[in-house]
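User: I would like to learn how to read a fold from its model. Please take me through it step by step.
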Amino acid sequence: MKDKLDLDLLQEEDDLEDTQEGKYLTFLLINEEYGLEIQYVTEIIGIQRITEVPDVPEYIKGVINLRGKVIPVMDVRLRFGAAVREYDERTCIIVIQVKGQPMGLIVDRVSEVLDIPKQDIEPAPSMRRSRENRYIQGMGKVGEQVKLLLDVEKLLEE
């Protein structure tokens with residue numbers, strides 16, 4: 001009976017992964033549209049009080065207390081080397097989970113969830129890697145627009 005339950009749980013996980021495949025949460029940052037795979041997103045929250053932590057990189061703004069869980073928060077603008085921008089009512093924190101580690105990503109504003117099939121994603125151009133484009137895993141074509149698709153694992157690496 002236990003083996004049957006384990007198989008059912010594995011099937012449910014596979015089904016969930018299938019429904020999330022090709023789905024990207026898009027957001028605006030520095031006047032560009034970016035996307036990240038929805039499978040990493042746990043929730044989206046408004047900007048809130050951030051507790052600063054000493055001796056961390058400049059782009060790590062600190063930590064937040066989210067329902068009793070302490071989560072580090074990264075300002076993606078600063079991670080890309082862009083200018084500081086005042087947070088406003090549209091500024092959001094996208095809470096993601098990568099390899100069991102939660103992280104909050106501060107973005108200018110969240111746009112929408114889009115389906116971007118594999119055939120509409122091209123590899124990132126092999127031009128000289130800047131600070132910003134080394135985190136790009138691909139270019140998603142959506143109509144006449146291009147969404148820069150982030151590699152969240154590289155984004156979180158030091």
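This is a predicted model: local features need pLDDT of at least 70, side-chain atom pairs count only at pLDDT 80 or more; totals for chains, interfaces and linings use all residues.

User: Which order do the strands of the open sheet have?

Analyst: Start with the general idea. Strands of a sheet pair through backbone hydrogen bonds, in parallel or antiparallel fashion. Here, six strands form an open sheet in the order 8-1-2-11-10-9. The pairing is mixed.

User: Which strands stand at the edges?

Analyst: Strand 8 (109-115) and strand 9 (121-123) do. Each has a single partner strand, so one side of each lacks a neighbour in the sheet. On average, neighbouring strands of this sheet are turned by 35° against each other, direction ignored.

User: In which sense does strand 1 pair with strand 2, parallel or antiparallel?

Analyst: Antiparallel, over six bridges. Strand 2 covers residues 32-37.

User: What does Gly143 do in the hairpin of strand 10 and strand 11?

Analyst: Gly143 takes a positive phi near 60°. Two residues lie between the strands of that hairpin.

User: Is Thr91 buried or exposed?

Analyst: Compare its relative accessible area with the cut-off: under 20% counts as buried. Thr91 has 2%, so Thr91 is buried. Thr91 sits in the loop between helix 2 (76-79) and strand 6 (92-98). The Thr91 side chain reaches the backbone nitrogen of Asp88 at 2.9 Å.

User: Is Arg49 buried or exposed?

Analyst: Exposed, at 66% relative accessibility. Arg49 belongs to the loop between strand 3 (41-46) and strand 4 (60-66). Arg49 and Asn65 are 16 residues apart in sequence, and their C-alpha atoms are 8.6 Å apart in space.

User: How many residues line the largest pocket, and which lie nearest its centre?

Analyst: Again, the idea comes before the case. Rolling a probe the size of a water molecule over the atoms shows where empty space is left. The largest pocket holds about 190 Å³ of space. Its lining has 13 residues, with Gln20, Glu21, Gly22, Tyr24 and Glu37 nearest the centre. Five of the lining residues are nonpolar, three polar and five charged. Helix 1 (2-20) and strand 1 (23-29) each supply at least two residues of the lining.

Technical notes. Residues are numbered from 1 along each chain as its sequence is written. Side-chain values use heavy atoms; hydrogens and water are left out. On a 1 Å grid over the protein atoms alone, a cavity is a set of points where a 1.4 Å probe fits but cannot get out, and a pocket is an open set with protein on both sides within 12 Å along at least five of seven lines; lining residues have an atom within 4 Å of a point. Grid points are joined across faces, edges and corners, and a volume is the space filled by probe spheres set on the points. Helices (H or I, at least four residues) and strands (E, at least two) are DSSP runs, numbered from the N terminus. Ala, Val, Leu, Ile, Met, Phe, Trp, Tyr, Cys and Pro count as nonpolar, Asp, Glu, Lys and Arg as charged, and the others, Gly among them, as polar. Two strands pair if DSSP finds at least two bridges between them. Axes are lines fitted to C-alpha atoms, for helices over the stretch in contact, and angles run from 0 to 180 degrees between N-to-C directions. Buried means under 20% relative accessible area, exposed over 50%, partly exposed in between (1.4 Å probe, protein chains only). A polar contact is a pair of N or O atoms within 3.5 Å; within protein, one must be able to donate a hydrogen and the other to accept it, and residues adjacent in sequence count only if both atoms are side-chain atoms.
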